Amino acid sequence: MSGVVFALLGVAVAVSLAGMGSAMGVGIAGQAAAGVVTEDPNKFAKVLLLQLLPGTQGIYGLLVGFIALSKIGLLGGGVNWEMTMAEGLLFLAACLPIGLVGLLSAIYQGQTSAASIGIVAKKPEQFGKAMLFPAMVETYAILALLVSILAINAL
Amino acid sequence: MAVLQMQKICICGLKRDRKAILELLQAAGVMEITQEASEDGVFRKTDTLESRQIFDRNAATADHALEVLQEYVPEESSLFSGLAGKPLADAERFRNVKENSEAVLEDANQILALQKQISELHASVVRLQTEAEGLTPWLQLDIPLKCGETGKTSVLLGTIGGEINREQLYAAVAERAPGLERMDLEVISSGPDQTCIAAVCIKEDAEQLEEALRTMGFARPAKSIDAIPADYVRDLERQAEKLREEAAATENRLRAHENSRENLRLLSDYYRVRAQKYAVLSELLQSEKTFVMTGFVPAREVKGLEEKLSSRFDVSFEVSEVPEDEEAPVLLSNGSFSSAAEGITASFGLPAKGEIDPTAIMSVCYVFFFGLMLSDAAYGLIIFLACFWAIKKFPRMETNLRKSLKLFMYCGLSTLFWGVMFGGYFGDAVDIVSRTWFGRQITIPALWFVPLNNPMRLLIFSLLFGVIHLFLGLGIKGYMLLRDGKIMDFICDVVLWYMLLLGLILMLIPSSLFAPMLQMQVTFPAAVNAAAKWGAIIGAVGIVLMSARDKKNPVLRIALGAYDLYGISSWLSDALSYSRLLALGLATGVIASVINQMGSMIGTGIIGTVLFIVIFCFGHMFNLAINLLGAYVHTCRLQYVEFFGKFYEGGGKAFEPFVRSTKYVEIKED
């Protein structure tokens, strides 16, 4: 079997797991945000910002997926079908960090965002601090993204 | 770069001047009023709740009238009206509101009354419509609904549950009252729920027929009217039409009040400001002939305020420094560039007593990091131009909003700079367009290097910027300690850490661990290596021995010191946190390339070109928005957690002067 299969599996892992995580995270935060807006529509912009925070993992996944695709050659048409199994598995391994960490961190970031939206509901002037809590969770997604990018780039 | 020096003032004046003095203070807007003394035998507070409630109610009436006007005569407002700020009103004109306040208030009440009339009229129309609808099943009936009898016959009008036709009705009646023959049964209308019937029979038989019908569920109509239903419904419609016309006329009368908008706004603000004044008045300590008030005023405003007050009134004006045990409210004062970032500082927390205002240094770092995270020349230019346009176009924009926009304008410039350094113009749009449409790939070369081709290099620089940022924070802590004369703390908490960290970094760089990251082997002269080694050792030993220097117990002291040394791990995580500079910078560029690539896949025909432009515009708008959010949040985080964590706690109370806080207009000072 060509290693391309595994390389593409890696792309799928990065994009879909991180994307699923973001979808869930943004969903969780969105429910809380909608609740706040029913009470006070003026807070729309603030809660929308907080809702969007867990959305970045999906973008990181896309990012890694895209870099991997272009590395494999699937974008330009120059695919190396002779890629060995080991090479393909290396791509898969490189994509794992952002896939897994993206999935979990986005969900937890979504829950943290929902809690921060609660802060904005009661104390809108504390928006700066409310924004920090979800950003703390995101750090780990960024670290995973970094390792994934560096690994793919080194392949 | 500073927290404004505050002074405490105490004003004592004649009671008869109290309102005028308060007005002057409110207009000046430089004094935060505090409550010091409490009531005693001589000085008492007066209750102003009643007048305040009247003022609040009047302001609310005007607000409500404005809302009604907005509903019936919507005022055109552009997308950017939120940026425009409040219009200016002459102080003279504002004072004159009082004179015709009666008339304007009357106007407001009239608007509210008209609106009430309109909603009542609409309710009546609905009622008539409901009544007409109730009669719909009877529309085919050509005699009055109330008709009970003629000379010789009885008329039975009513409904039966369920749907039946005339034959079924005859059959059913024949079954229940077999003897009856001299009758006429009509089905007026029939639906799944009920059937309306009209039955005519000889008077003698009426009872028997009704009995028969009743067993089938016959009921007379709930509302019987003495008119032919069709005529009656027509009449109802005519009435409804009349009411509608009346409502429209009333609406027109309401629309005629459109011009009172400006007066209503002034009136609302006038009463709002008066209510604020009376709120302060009720807290004022007053004796029979005098009153006394205390508060904080920024030192640079004190002189002007004193002149203003003493030139017009007989007052005693005492100025004193803020006592040691009291915390003065905080007002930041920075230069044109740094003041833009005051909002960022404020949303973390204003400097507490004894802390310095970090805004000046932070603003530079903020703009620097923001640009590095977004790092696309085109995006930077768009942000810069948009903010610049808004600031120029709306000179009366609200102050905090203007500061934020100004900050983003600078951030846009920084983004432009980094974009040029890294060769990002809408990602790789120039390459893609030139290759796809013109057959020759043109690349705008990066002034420095392209991050995607060499992420390791940018990672090293990100960490380097981070370490500089963190050291800057530690340096400010050192400055604050030196300023307070705490030499020992400065040496133990700052100098030792510098020695340890610098020593460790210098020891790490030539090691084999770093060589692949730096892509070269660095070798320092032996003297540097020795200095690094000894610096780290002295630093580490010093921290273990000295950081818990207030503890008497030597074992506890060493243990706590060792724990403090463990804090080195937090330095490591802080430094690694700056890797987000690389990650976010790459994110912008790569997503931009994805968009460009997607757009160019369709082809170079007319359709392809049009689709490319559409995808290009929407895609880059999305990318800009999402990365703008990312850059904003993560730059804030780097400042708040990593930078402020080294020296700054915040927790100061904001300066809240007694001002004319208005909703619609800003009053021009004369």
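**Buried faces and a helix pair in chain B**

Visitor: Which residues of helix H6 (residues 166-176) of chain B are called buried?

Guide: In this predicted model, the buried residues of H6(B) are B:Leu169, B:Ala172 and B:Val173, where buried means under 20% relative accessible area, exposed over 50% and partly exposed in between (1.4 Å probe, protein chains only). Helices are DSSP runs of H or I with at least four residues, strands are runs of E with at least two, and both are numbered from the N terminus.

Visitor: How do you know where these buried residues of H6(B) lie around its axis?

Guide: Seen down the axis, they fall within an arc of 95°, so they line one face of the helix; the arc is that of the directions from the helix axis to the C-beta atoms. The face turned away from the buried side carries the exposed residues B:Glu167 and B:Glu175, while the buried residues pack against strand S5 (153-161), strand S6 (183-190), strand S7 (194-202) and helix H7 (206-215) of chain B.

Visitor: What puts the buried residues of helix H22 (residues 568-577) of chain B on the same side?

Guide: The buried residues are B:Trp571, B:Asp574, B:Ala575 and B:Ser577. They cover an arc of only 150° around the axis, and therefore sit on the same side of H22(B). Their cover includes helix H17 (455-483), helix H18 (487-508), helix H23 (580-600) and H24 of chain B.

Visitor: Why does B:Thr250 count as buried?

Guide: B:Thr250, which is found in helix H8 (residues 229-255) of chain B, has 2% relative accessibility and therefore counts as buried. Leaving aside neighbours within four places in sequence, B:Thr250 is in contact (heavy atoms within 4.5 Å) with B:Leu114, B:Gln117, B:Ile118 and B:Leu121.

Visitor: What makes H16(B) roughly antiparallel to H24(B)?

Guide: Helix H16 (residues 429-438) and helix H24 (residues 606-647) of chain B pack at an angle of about 175°, with their axes 13 Å apart. That angle makes the pair roughly antiparallel, since angles over 145 degrees count as such, those under 35 as roughly parallel, 65 to 115 as roughly perpendicular and the rest as oblique. H16(B) contributes B:Ala429, B:Val433 and B:Trp437 to the contact, and H24(B) contributes B:Gly608, B:Thr609, B:Phe612 and B:Phe616.

Visitor: On what numbering and limits does this rest?

Guide: Residues are numbered from 1 along each chain as its sequence is written, with chains lettered from A and ligands numbered from 1 in the order in which they are written. Local features need pLDDT of at least 70 and side-chain atom pairs count only at pLDDT 80 or more, whereas totals for chains, interfaces and linings use all residues, and side-chain values use heavy atoms, leaving out hydrogens and water.

Note on methods: Axes are lines fitted to C-alpha atoms, for helices over the stretch in contact, and angles run from 0 to 180 degrees between N-to-C directions.
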